[in-house]
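Here is a brisk tour of one protein chain. Keep the sequence and the 3D view open while you read.

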Amino acid sequence: MKISLFYEFPLPRPWAPDDERQLFQDGMDEIEAADKAGFSTVWLTEHHFLEEYCHSTAPEIILAAASQRTKNIRLGFGIMHLLPSVNHAARAAERVATIDLLSNGRVEFGTGEGSSISELGGFEVDPADKRAQWEESLEVAIRCMTEEPFTGFKGQYYDMPPRNVVPKPLQKPHPPVWVACTRPASVQMAAEKCIGALSFAYTGPGPLTERVNGYYKEFEENGVPVTPQINPNILAVGGDLSMMVAKTDEQAIQRLGKGGGFFSFGIMHYYLTGQHTPGRTGVWERYLGEVENDPTLAYGPGRGAIGSPATVREFLRGYEESGVDELILLLNPRSHEGTMESIELMGKEVLPEFVERDAKAVADKAKRLEPIIEKVESRRPEPNAPQFDEGYSYGGLPTGRNKFTATEIPEAMAEMNQGRVEAARRLKEQQAK
């Protein structure tokens, strides 16, 4: 089982002028330390308008920065919103490919639809359309990464002509593709499409075994690839509380503080029960009030990788026994200094045994899946992308309704040409002297 970290960059109010800068700088230090410690992947979410709960609104920028401070850790979108009004598929392809090149091929392409009224409403997406939008977006994005040129698409939400989308990713044919899954039905959908399941569920190790087995059963019996490269893997969240490892259990709980349960509270507030006034509602203040009423919201045994190295090893082994391929550990509001020590302790005293066992597990799994993958690949449908018309071309000035013509470039070119004329005149005068 691989062990990874998950960032949302929460920032409780009140905010001082330097808080956001410090939040990202601390995150960069932690990601660099996680790379040295041996964590498998750092996953960054993408959320919009979820103030206090998540300031990771541009994960591609953070991952690009992280790519220059790390060597081995993989860089995961967990997830990128693949909806046309949030991230156009061609732009998604460009960003993913760019980071893949910058990182020497370390990107994991996690995708999703979004679920909160803050985001869907903010971008005016009808929830009834989001699955169909995601499906079209995924097809367009992957084709933009793999076709030269992209031959065009006409669908319900995209109508895009042929263009050669550059750059292309280093990983061929494309980075591993995942989809966010919060319900058993979406895990089943991921298996049917033969892509990775980012199972954001908090079932604990016992029930997780059933979900893992269900994924691979569905993959074997009904999997039909929708991407050129399949990705039969399932990931789970290791509890709903933030990771915090220290020399003793008591010290870890103390360093965790009251912020441990902010992740699950934020989900409830933004996705289900909360009424939110932008720029006014104090989410952290509400959370602290709930913790006063029920301290178990902030901490409870067995709900996260919290404690001494021995305690955390035992916690992780339970998930490993479920058969899940990868486990992500949350990082909610907590001490940066404590987290840096946690990462160091994980690298020295916890991760090595899991990394060693994972190498064998990956080899055993590849051998086990070999005949299954052959069966799955035999179901792959014929490509339905249009053939490229070699006579197709474009050029001239962009025009719009009412015969509007975008003339910015001709005007700029005229200025440049005038500059060339003046320069030639001056040169001629100098040569004549």
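Phe24 counts as partly exposed, at 26% relative accessibility. That value comes from a predicted model. Phe24 sits in helix α1, residues 19-37. Beyond its neighbours within four places in sequence, Phe24 is in contact with Phe9, His55 and Ile62. Asp129 is another matter: 105 residues separate Phe24 and Asp129 in sequence, and their C-alpha atoms are 34 Å apart in space.

Ala33 also belongs to helix α1. Is Ala33 buried or exposed? Ala33 is buried, because its relative accessible area is 19% and the cut-off for buried is under 20%. With residues up to four places away in sequence set aside, Ala33 touches Met340 and Ile343. Ala33 and Glu124 lie 91 residues apart in sequence, with 39 Å from C-alpha to C-alpha.

**The whole chain**

Now step back to the overall layout. The chain has 433 residues, and 49% of them are buried. Its secondary structure comprises 13 helices and 13 strands. The C-alpha trace spans about 85 × 55 × 45 Å along its principal axes.

How is the chain divided? Domain 1 covers 2-378, and domain 2 covers 395-432. Taken over C-alpha atoms, the centres of domain 1 and domain 2 are 49 Å apart.

**The annotated span**

The unreviewed UniProt entry carries the annotation "domain: Luciferase-like" for residues 23-326. In the model, residues 23-326 are 43% helix and 14% strand. The end C-alpha atoms of this span lie 26 Å apart.

**Helix α9**

Which residues of helix α9 are buried? In this helix, residues 262-273, they are Phe262, Phe263, Ser264, Phe265, Gly266, His269 and Tyr270. An α-helix has 3.6 residues a turn, so residues three or four places apart point the same way.

**Backbone details**

Two cis peptide bonds deserve a look. One joins Val166 and Pro167, with omega about 0 degrees. The other runs from Lys172 to Pro173, with omega near 0 degrees. Where is Pro167? Pro167 is in the loop between β7 (159-160) and β8 (177-181). Pro173 is placed in the loop between β7 and β8.

Next come two positive phi angles. Cys194 is not a glycine, yet its phi is positive, at about 65 degrees. Cys194 lies in the loop between α6 (184-193) and β9 (196-199). Asn402 is not a glycine either, and its positive phi is about 55 degrees. Asn402 is found in the loop between α12 (336-377) and α13 (408-432).

Their surroundings can be read from accessibility. Cys194 is buried because its relative accessible area is 0%, with under 20% as the limit. Asn402 is exposed because its relative accessible area is 75%, and exposed means over 50%.

**Helix α13**

Gln418 lies in helix α13. Gln418 is partly exposed, with a relative accessible area of 43%. How far apart are the C-alpha atoms of Gln418 and Thr405? They are separated by 22 Å, with the two residues 13 apart along the chain.

**Accessibility at a glance**

The table collects the residues discussed above.

| Residue | Relative accessible area | Class |
|---|---|---|
| Phe24 | 26% | partly exposed |
| Ala33 | 19% | buried |
| Cys194 | 0% | buried |
| Asn402 | 75% | exposed |
| Gln418 | 43% | partly exposed |

Note on methods. Residues are numbered from 1 along each chain as its sequence is written. This is a predicted model: local features need pLDDT of at least 70, side-chain atom pairs count only at pLDDT 80 or more; totals for chains, interfaces and linings use all residues. Side-chain values use heavy atoms; hydrogens and water are left out. Domain bounds come from an automatic or database domain assignment. Helices (H or I, at least four residues) and strands (E, at least two) are DSSP runs, numbered from the N terminus. Buried means under 20% relative accessible area, exposed over 50%, partly exposed in between (1.4 Å probe, protein chains only). UniProt positions are given in the numbering used here, feature names are shortened, and annotations may be inferred rather than shown by experiment. Contact means heavy atoms within 4.5 Å.
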